[in-house]
Amino acid sequence: MMIEESFVNGNSLIHRLNPVLKIGFAIIYSFVVAVSSKFPSLFAALFIALFLVILARLNPRKAAVRLAAVNGIIILFWFFLPFTFQGEALFHIGPFAVTRPGVIFAAGITLKANAILIAFIALVATMRVTTLGHALNSMLIPEKLVQFFLLTYRYLFVIQTEYQKLTRAVKVRGFRPGTNLHTYRTYAYLAGMLFVRASVRGERVYQAMLCRGFKGKFYSLHEYSISKADITCAVFMTAAIVILVVLEWTKII
Amino acid sequence: MDKDNLIINLTDISFSYPEGAPLLNNLSMQFYKGDRVGLIGPNGGGKTTLFHIIMGLLKPYSGKIEIFGKPVREEKDFRSVRQRIGLLFQDSDDQLFSPTVLEDVAFGPLNLGKSVDEAKVIARKNLDSLGLSGFEDRITYKLSGGEKRMVSLATVLAMEPEILLLDEPSAGLDENTRASLIKVLTGLDLSYILISHEMEFLDSTTTSVYIMKDGKVFMNGDRQIHRHYHIHPHSALPHRHESGFGKKYTDFLA
Ligand SMILES: Nc1ncnc2c1ncn2[C@@H]1O[C@H](COP(=O)(O)OP(=O)(O)O)[C@@H](O)[C@H]1O
Ligand SMILES: [Mg+2]
């Protein structure tokens, strides 16, 4: 499977929360963390995110796999950021100086990226994409965006199926990938066919929608009620944001 | 036949896909209220294309389309046609695009201006009548082929159309699903045109047959035709029939 919703099945407090609340908090939290630069606030943010993952009772191994992917990219930053900043040198590697501001900057990025990602795993990856789409719908996100989002998601699966059909078609005729021109050409054909099929499909789906009276507006069948747990969590989430803001922008500490 | 009941009237329709050979060639066809017509013809003969022209999804380069007694030409004209004629697509994956079954079936009614509650009621009613109660929250892309077909039919019926255009509804169905589809279709108070290659299926769901060949529709078929056709399925070679009914039409099938 290329596309999985590995974290949606669960019955934790986080899974049961109102999606609008989860998305709202995830957005505000990410924004605050993204503009923060002090270590106390960044560590607090990371702590909050980890706490959410614990509350959501996610499979730690799966969560770690997702984190590993992002941290693979972050490691690249560590290869050049510490060397490219001006400032006090901590130590030297050959002719290059590892500067203090460089290391601080790289550490800041690492913390931020991980905190935001962990929070998103806990809050957003725990809802079905469809729920997410509808929640965005009710948050007054432009209709076109939500529509685009839901349809893309739906067609990821169709494209995936088409992809499986195509790979099966080449496999049953004895195709074995290798490092040769034949392999590259076959892959190029596969990619081309996939693209063609997907766009033809998109066209027909639009026609099918027209046949059912589509005039450009999407309607959502869902309305979410607000539970006691939602209110309690909203209070804690607001407090968490306030703490982050205070740590970052006041001189208490 | 009586003019009042003439629902679809195509005159001299010609059509070809860009860079394709002419596919429909001065095609004329009439369809009357109450008719239950089977449309047969070779693969690639243009049956699906014909349906899409009736729905205004494709534009013929010449010819006249009259539906419900009015000429239809532009997108605006077809918009009201689409509320009264329901098209079941050949491939259910084209038809189902909402994440869940209930949302997909409610999509049409919502577009027609129904409230969320009304749309849900209509959707549930249609799912129930097709034996799909309990399917509301199923994920559309995870349904089996037969389930997808039945849900697609529910999405079309939820628009409360007067006429159905059914593009190979029986293709690839297992015995049970086919039987329930036959039961649903024969129980409906609707006129329809139904494309199928399966003679038994046509026999139990339609009362006459149109034959599509060489870019034209031949409408003289009656019940006996497809009985006849059934005896010679997939007949690719010209053949003659010396006795019995339908002699005239076998030429079309040859
Ligand atoms: N979008 C398209 N572009 C070009 N050619 C097409 C397209 N759709 C169908 N055709 C061609 O038009 C012919 C008729 O197709 P279709 O109407 O689907 O036939 P049928 O439903 O009778 O099998 C086929 O030869 C097909 O390849
Ligand atoms: Mg067809």
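This is a predicted model: local features need pLDDT of at least 70, side-chain atom pairs count only at pLDDT 80 or more; totals for chains, interfaces and linings use all residues.
Residues are numbered from 1 along each chain as its sequence is written, chains are lettered from A and ligands numbered from 1 in the order in which they are written, and side-chain values use heavy atoms, with hydrogens and water left out.

Chain A comprises domain 1 (13-127 + 223-249) and domain 2 (142-211), with bounds taken from an automatic or database domain assignment. A distance of 34 Å separates the C-alpha centres of domain 1 of chain A and domain 2 of chain A.

Ligand 1 is surrounded by residues of chain B, namely B:Tyr17, B:Leu23, B:Pro42, B:Asn43, B:Gly44, B:Gly45, B:Gly46, B:Lys47, B:Thr48 and B:Thr49; a residue is counted here if one of its heavy atoms lies within 4 Å of the ligand. This shell divides into 3 nonpolar, 6 polar and 1 charged residues, where Ala, Val, Leu, Ile, Met, Phe, Trp, Tyr, Cys and Pro count as nonpolar, Asp, Glu, Lys and Arg as charged, and the others, Gly among them, as polar. Polar contacts are pairs of N or O atoms within 3.5 Å. In one of them, a nitrogen atom of ligand 1 lies 3.4 Å from an N or O atom in the side chain of B:Tyr17.

In chain B, 6 strands (DSSP runs of E, at least two residues) form an open sheet of mixed pairing in the order β6-β7-β8-β3-β9-β10, pairing being assigned if DSSP finds at least two bridges between two strands. Its edge strands, β6 (85-88) and β10 (216-218), each pair on one side only. Neighbouring strands of this sheet are turned by 20° against each other on average, direction ignored, with axes fitted as lines to C-alpha atoms. Within the sheet, β3 (residues 36-40) and β8 (residues 191-195) of chain B are paired in the parallel sense over 4 bridges, and B:Val37 has B:Ile193 as its bridge partner in β8(B).

A further open sheet of chain B contains 4 strands in the order β2-β1-β4-β5, with antiparallel pairing. Here β2 (24-32) and β5 (70-71) are the edge strands. Strand β4 (residues 62-67) pairs with β5(B) in the antiparallel sense over 2 bridges, and B:Glu66 stands opposite B:Pro71 in β5(B).

Methods:
A polar contact is a pair of N or O atoms within 3.5 Å; within protein, one must be able to donate a hydrogen and the other to accept it, and residues adjacent in sequence count only if both atoms are side-chain atoms. Axes are lines fitted to C-alpha atoms, for helices over the stretch in contact, and angles run from 0 to 180 degrees between N-to-C directions.
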